[in-house]
Amino acid sequence: MVFALLSRVYSAFGPPKVEKQKDGIIRFGILGAAQIAPLAIITPAINHPEVIIQAVAARDRKRAEEFAKKHGIPDVHDSYQAILDDPNIDAIFIPLPNSLHFEWAVRSIRAGKHVLLEKPSVNTAAEAEILFNLPELKGPNPPVLLEAFHNRFHPALQKFLSFIDHENVAHVHTDSMVPAWMTDKDNIGYNYKMGGGGMMMMGTYNFGMLRLIFGTEPQECTSCTVNTFEDGVHDQCDIDFKAQFRFPGGAIGEAETTMRGGLLWKPSEARVTHREVIVPDSALPASQEKARTRTATLHGFIHAVMWHRIDVRDEYVIRNKKDGSVVRKWTENNSYKAYSFKEAVESGGENAEQFKGFPGEVWWMSYRYQLEAFVNKVKGRPTQFWVSGEDSLNQMKMLDMAYLKSGLGLRPTSSFR
Ligand SMILES: NC(=O)C1=CN([C@@H]2O[C@H](COP(=O)(O)OP(=O)(O)OC[C@H]3O[C@@H](n4cnc5c(N)ncnc54)[C@H](OP(=O)(O)O)[C@@H]3O)[C@@H](O)[C@H]2O)C=CC1
Ligand SMILES: O=C1OC[C@@H](O)[C@H](O)[C@H]1O
């Protein structure tokens, strides 16, 4: 197991180079020499035959030149706009501070470029409403716009969802953390004007899980408690929070995140409790019924490539229908993993066959799965999973709900139009 982990992580961070296709290459330009760019796009592109990272621009040209040299990027432009103006560039990766996502995504779309936009897509639902409804996205052959919700493309998350019975989910708890040593107070993530805050950085993953698990949107954020540095500078940005949402039918979804976690990284966790359901069993006499109560847990819903496990616990009871008396009771516990879709099929469980033939290798990071889908979309090929504009808009509505409830207020909305 340790060898498999080491070998997987080694290849994930240093994937085998593939030869680039002669035709039909998608050339990306990156806006900003951002920390996340190597992980989110430069490394995945090494292994994608149809993608070349062609250009980068930074506010300071020297910084862009150093970044380009380090990552083998052929072109350096003087400004973000110069990348949009370059006819050789097909797609833009936007890893800017959240407050700049809206403006540069709109500019990119208007320049006719495809856009891979870092999460969270924008600062507020008001911005999302405009961005995802741009007229340029509605015409024939519109540019592709994707919020880079990478974890949703990983097989582990999709396999986990295959055990969820959306309509009968009663309660969900999600938690995630970042060790304190990984976050710096002066990071853009704690800068209110730049759309900072723990819910924007990490909580959005928890919120996304809740929306996927319930298969619907929250009606209300019933509570949201936050902590800030309370230093008079970063007071509008949460460093940790606990939020609770009411979903249709009264089901409860919880999200808990800290950006100042302990020394060791703890995998994120989503724990789902279902209501009891009656399951058909033709072997039973007509006087009896079989009921199941399922708890399903995904350990590692953000960085599944590092490690993850799906635990499914089914408590069964056979009862006499007439008086409810118990005939038999038992529990079945099963665990699954899905580093690739092939593994998602082979590890079994209900609905496993649906993943048959889907692409990927056990060492593909969520970012690599995401890039596969992005390219397929640009090429007009089918994609197994996607994050639609409507989905991203609903995600921002949930973030707005929580920030309003917390008392920290909405993140600033851009005046760019
Ligand atoms: N998908 C994932 O796993 C992760 C996603 N993210 C997301 O990626 C985005 C960037 O995060 P991260 O890479 O950590 O951040 P960085 O601070 O490393 O990068 C932000 C970039 O924005 C540019 N920038 C432009 N204007 C400003 C400004 N006024 N102040 C500061 N920077 C500016 C800088 O570019 P320049 O080089 O031009 O100076 C910088 O390179 C965020 O939206 C974040 O939520 C972050 C971490 C993980
Ligand atoms: O977006 C993110 O995803 C992964 C986390 O580890 C990171 O800190 C966060 O900002």
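Residues are numbered from 1 along each chain as its sequence is written, chains are lettered from A and ligands numbered from 1 in the order in which they are written. Because the model is predicted, local features need pLDDT of at least 70 and side-chain atom pairs count only at pLDDT 80 or more, while totals for chains, interfaces and linings use all residues; side-chain values use heavy atoms, with hydrogens and water left out.

Ligand 1 has 23 residues around it, a residue being counted if one of its heavy atoms lies within 4 Å of the molecule, and those that come nearest are Ala 33, Arg 59, Tyr 80, Asn 98 and Tyr 367. Polar contacts, defined as pairs of N or O atoms within 3.5 Å, include one of 2.5 Å between an oxygen atom of ligand 1 and an N or O atom in the side chain of Tyr 80. An oxygen atom of the ligand also lies 2.7 Å from a polar backbone atom of Ala 33, and a polar side-chain atom of His 101 is 3.0 Å from an oxygen atom of ligand 1.

The axes of helix H2 (residues 37-46) and helix H10 (residues 366-378) come within 9 Å and cross at roughly 70°, the axes being lines fitted to C-alpha atoms over the stretch in contact and the angles running from 0 to 180 degrees between N-to-C directions. H2 is therefore roughly perpendicular to H10, a term that covers angles of 65 to 115 degrees. Leu 39, Ala 40, Ile 41, Pro 44 and Ala 45 of H2 meet Tyr 367, Arg 368 and Leu 371 of H10, and by class these residues divide into seven nonpolar, no polar and one charged.

Ligand 2 is surrounded by Lys 119, Val 178, Met 201, Met 202, Tyr 205 and His 303. The side chain of Lys 119 places an N or O atom 2.6 Å from an oxygen atom of ligand 2, the corresponding distance for the side chain of Tyr 205 is 2.8 Å, and that for the side chain of His 303 is 3.1 Å.

Elsewhere in the backbone, Glu 230 has a positive phi near 50°, although the residue is not glycine, and Glu 230 is found in the loop between strand E8 (220-227) and strand E9 (240-246).

Key. Polar contact = N/O pair within 3.5 Å; in protein donor to acceptor, adjacent residues only side chain to side chain. Helix = DSSP H or I, 4+ residues; strand = E, 2+ residues; numbered from the N terminus. Parallel < 35°, antiparallel > 145°, perpendicular 65-115°, else oblique. Contact = heavy atoms within 4.5 Å. Nonpolar A, V, L, I, M, F, W, Y, C, P; charged D, E, K, R; others polar.
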